[in-house]
2 protein chains.
Amino acid sequence: MSKNKKIIVIGGSAAGPKAAAKARRLDERADITLVQKGKDLSMASCGYPYYVGGFFDDRNMLLCTPTGVVRDPVYYMNAKNIRARTNTEALAIDRAAKAVRVRDLASGQEETLPYDRLILATGALPNIPPVPGGDLKGITTLQGMEDADFLRRVRDEKTIKKAVVIGGGLIGIETCEALQLAGIEITVIELLPQLLTFLDWELAELVEAHVRSKGVNVITGNGLAAFLGQDGKLTGVKLSNGTELPCELAVLAVGVKPNSRMAREAGLALGPKGGILVNEFMQTSDPDIYAAGDCIEIPHRITGRSNHAPYGDLANLEGRVAGENAVLGNVVSFPGTIQTGICKIFDFKAGTTGLNERSAREAGRDVDTVINASLDKPGFMNGKLLVSKLVVDRANGRILGAQVVGPGDVSRQVAEWAMAVLGKLGVEDVVNADLPYAPPFSLAIDHFIATAHLMQNKLKGRLKGISAMEVKRKVEAGEPLFLLDVRGPDEFEAMRLGIGERLIPLGALRKRLAELPQDKNAEIVCFCKISLRGYEAALVLEANGWKNVKVMEGGIAAWPFPRER
Amino acid sequence: MSKNKKIIVIGGSAAGPKAAAKARRLDERADITLVQKGKDLSMASCGYPYYVGGFFDDRNMLLCTPTGVVRDPVYYMNAKNIRARTNTEALAIDRAAKAVRVRDLASGQEETLPYDRLILATGALPNIPPVPGGDLKGITTLQGMEDADFLRRVRDEKTIKKAVVIGGGLIGIETCEALQLAGIEITVIELLPQLLTFLDWELAELVEAHVRSKGVNVITGNGLAAFLGQDGKLTGVKLSNGTELPCELAVLAVGVKPNSRMAREAGLALGPKGGILVNEFMQTSDPDIYAAGDCIEIPHRITGRSNHAPYGDLANLEGRVAGENAVLGNVVSFPGTIQTGICKIFDFKAGTTGLNERSAREAGRDVDTVINASLDKPGFMNGKLLVSKLVVDRANGRILGAQVVGPGDVSRQVAEWAMAVLGKLGVEDVVNADLPYAPPFSLAIDHFIATAHLMQNKLKGRLKGISAMEVKRKVEAGEPLFLLDVRGPDEFEAMRLGIGERLIPLGALRKRLAELPQDKNAEIVCFCKISLRGYEAALVLEANGWKNVKVMEGGIAAWPFPRER
């Protein structure tokens, strides 16, 4: 028998343990060591906000197998014959000697571990804004298990009244919910003009309105200037515009960067985002060193650009590929990301896959977009609202991406779009999709299909859409615009935009055409609650000679601005 | 202006109204008449079981728009300028004269309506078994609105104690739940050896066990012989094997057949299943007559065979195509079905897309299958079980179909597989899919991806699977078989098969290899709760020289037989 292969994996969160376990399954004889700086292993780090928020109380649930066994070094040794060295910091890679220098953090002793194959899964580090006061007590991130432990104690001790979450991205927004559920008064600060930048602005506004409706204070377009304190303790944060917000706790969630220092110091090539550069086999510029997870860059499958995609699901998949290739040679490959993501925020969910309009335009694509609003299920099954934005390549109708928000079943919708992007499908490929329908699960025409229908109508020139933002802009600029709300009087009474619209219910429209502008070239914008009746109204007007009729996409349900009522 | 096109649509449920509405949107001048035999229009017939089951109480919710307007003839006239003639039976088509003979069911008056284009959406009729006693009071189907009204009265009046549902298909099983929720003691009878024949047997058994756990009596492999009665009222049903079941109510749910009589009498071509034959444009053998919905046959997109696919979602999509082509000529096409379906049954859901193993083999495919069991979400987010069976073409790994059952999020899983089938994807295309992950929605490696991983391991010869049925057969045949349960002692104590298995926890396996058969060719079957540890155990044994090691797919979670505990 040949000498057993020595494999060292650095990093014990997601990609590392996955790579080590996969390597073990493919090579029972390999000598596998997992080096982990912290004391915990295989932490379900995406679960931290839910632990902090009290969705469950047993910390071990973040660390255990589905049958409740904590994944500690004893578990790794017995179940997988993997030597997991926790509290052990990897210091440096000696590529010439094919060895890693490590330090036992308890004893301080250093040691050199030789490898045949090295797998780097060193993860990401939180970005820390360089502002004064960063060393005050009461400032944390939600990156490591110790952060989760700290914030959970905050929840349990109930002494903190006010907190500020700095960063309105995915982690920030999840942390915001967690702390709000802990009974803390929360302000979220975001430097950019919107929350959740994976969404286009108008969908992010719907999420923001929901967050505000839960009593959270949201400040966008304003950055952190300083932490304020007294006696070494945080007492508030100061914003770029001078505003001071008193608080006893601040959570930094302004993104992460690849933890690639050791790789860089060892001379491994890095990518444009500072992540370790790997080929499709998860192999670094040193053929004996693989890398996976939040420390690497991977290609975007649509744009081809190198991306930092620090998602737990991709880390696991990349780790699986790295583990297999480390023992068998380069036999499997990883195709990259389409930046699919989802998060829960109170009763809302927000998800995305592929390119949004902003990122598509940045990538130089000529795109068409459409917004669709509908229930996810029939009203009689307590259906809930979904608002989607679909982005397609104008040249060929190819689906580039979609975003979905709302209280409805966003998860299935985003999964459907992700599969459509993966399958390189176009709008015409999905307009007659055969999807699972029964009233407990979807509408007879699933929201996904209905969204494709709208795009099909738009590409055929039947649906001439106009965005809510464009309507607002025209109204504020005083452009002549006939705004036609075609809902019923009771609906109009209960909820309306109040931007000068005229109510003519669809059912009366054909008899009341005389109330429309006599100039057949006048610009008319039709809408209703979701703009399905608005679309029908526009077709009636066009058939009667009006030449400049548009439908406000998504209707009142997708209106991202305050309403009159 | 040319003469307005006269369009007649026969059938007012799903496909008909959709076709009429689409035609109107594309031709404001057309003269559109919708002929409906019953008094209601646009009934959400898939919602009947939920109305009967008390999920909601307002009958109008089955008939109204999302904003609560009942879709009656006034609504159709005002909102869509469509003349809806309810209580009007279409009697015959005179193709030469291009006219339809109709009868007003209130007045008895007959009339001839000329058409330029005719759209047939006559739906399906319930199969009625030709057994004695069929005219007794207390026998119904759940096909029409009047059936739903009758069964809802049964629920509200609370006088009926026992009912029999004849047929364990989709409608039967939904009716079973509805009546059980109404407090009625239910027996479901199915002629075939399993419920829900869109599932392969072993998954159907899991559903059956769940149905039984709710107190429902299930009898499979036994048909209806006669209805028994006294004084014209149903008192029981008699089965083929002589068993008599007392009951005051019987619901017939033994499938439907296309309602194609009028088409046949008019000389239109029918398909092998008795449905109206249409081309991809939903056009019948008469170019001026289109058809859509449950009265037609459509091709299966994988096998190419002609299918009767009476699903509400397809009816809508077909109606949309028929409506467009009827006014614009044949400009859009409908590609057919992959027989995607889903149903809720108590706390379980069961869904399918594409071919199951049985239908794939019937279609002459050489397939590989795998069963996967896992939670849908992490345990700490209250994840629930999913059991999936994936069917792929052995020749090229192409995904032919998948079935998913369990209390977990079946809807998203089936949607993902349906999109994979639609995109003609293979296993290798989906093993690194980028799907929406966050703990409230899925595992880090989504069940869908994990199922593909299992299949990938199987196709590569790493995972040698054996089905639970094959294990049972071998045990009962007395074949020498070493059954190795690798769970923990506490798990074994709480739940076990009791078929002669030996417990050696995975964590102890490498030290206890001496307890395995000394004959390295002995057949060994490894398993655990879901057979993930079972797979790891099998790899350990193979690495130690055992040559005939298999993994029982799906583990105990997918065991379709009674357990010892």
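Trainee: So what rotation superposes chain A on chain B?

Mentor: Keep in mind that this is a predicted model. A rotation of 180° does it, with 0.0 Å of shift along the axis and an RMSD of 0.0 Å. That is the relation of a two-fold axis.

Trainee: And how many residues does each chain put into the contact?

Mentor: Chain A gives 73 residues and chain B gives 73 residues.

Trainee: Which element gives the most on the side of chain A?

Mentor: That's α10(A), with nine residues. Several elements of chain A supply at least two residues each, including α3 (73-80), α8 (312-328), β21 (341-345), β22 (348-354) and α16 (532-543).

Trainee: Why do you say the copies meet through the same surface?

Mentor: Because 100% of the interface residues of chain A are also interface residues in chain B.

Trainee: OK, new topic. How is chain A divided into domains?

Mentor: Domain 1 takes 6-124 plus 257-328, domain 2 is 139-254, domain 3 is 341-459 and domain 4 is 465-558.

Trainee: What separates the centres of domains 1 and 2 in chain A?

Mentor: The distance is 30 Å, taken over C-alpha atoms. Their contact uses nine residues from domain 1 of chain A and 13 residues from domain 2 of chain A.

Trainee: Let's switch to chain B. What's the strand order in the five-stranded open sheet?

Mentor: In chain B it runs β9-β16-β10-β11-β12, and the pairing is parallel. The edges are β9 (139-141) and β12 (217-220) of chain B, each pairing on one side only. From one strand to the next, the twist averages 20°.

Trainee: How many bridges are there between β10 and β11 of chain B?

Mentor: Five bridges, in the parallel sense, between β10 (residues 162-166) and β11 (residues 185-190) of chain B.

How values were computed. Residues numbered from 1 in each chain as written. Chains lettered and ligands numbered in written order. Predicted model: local features only at pLDDT ≥ 70, side-chain atom pairs only at ≥ 80, totals over all residues. Least-squares fit on C-alpha atoms with pLDDT ≥ 70 in both. Contact = placed C-beta atoms within 7 Å. Pairing = 2+ DSSP bridges. Helix = DSSP H or I, 4+ residues; strand = E, 2+ residues; numbered from the N terminus. Axes fitted to C-alpha atoms, helices over the stretch in contact; angles between N-to-C directions. Domains from an automatic or database assignment.
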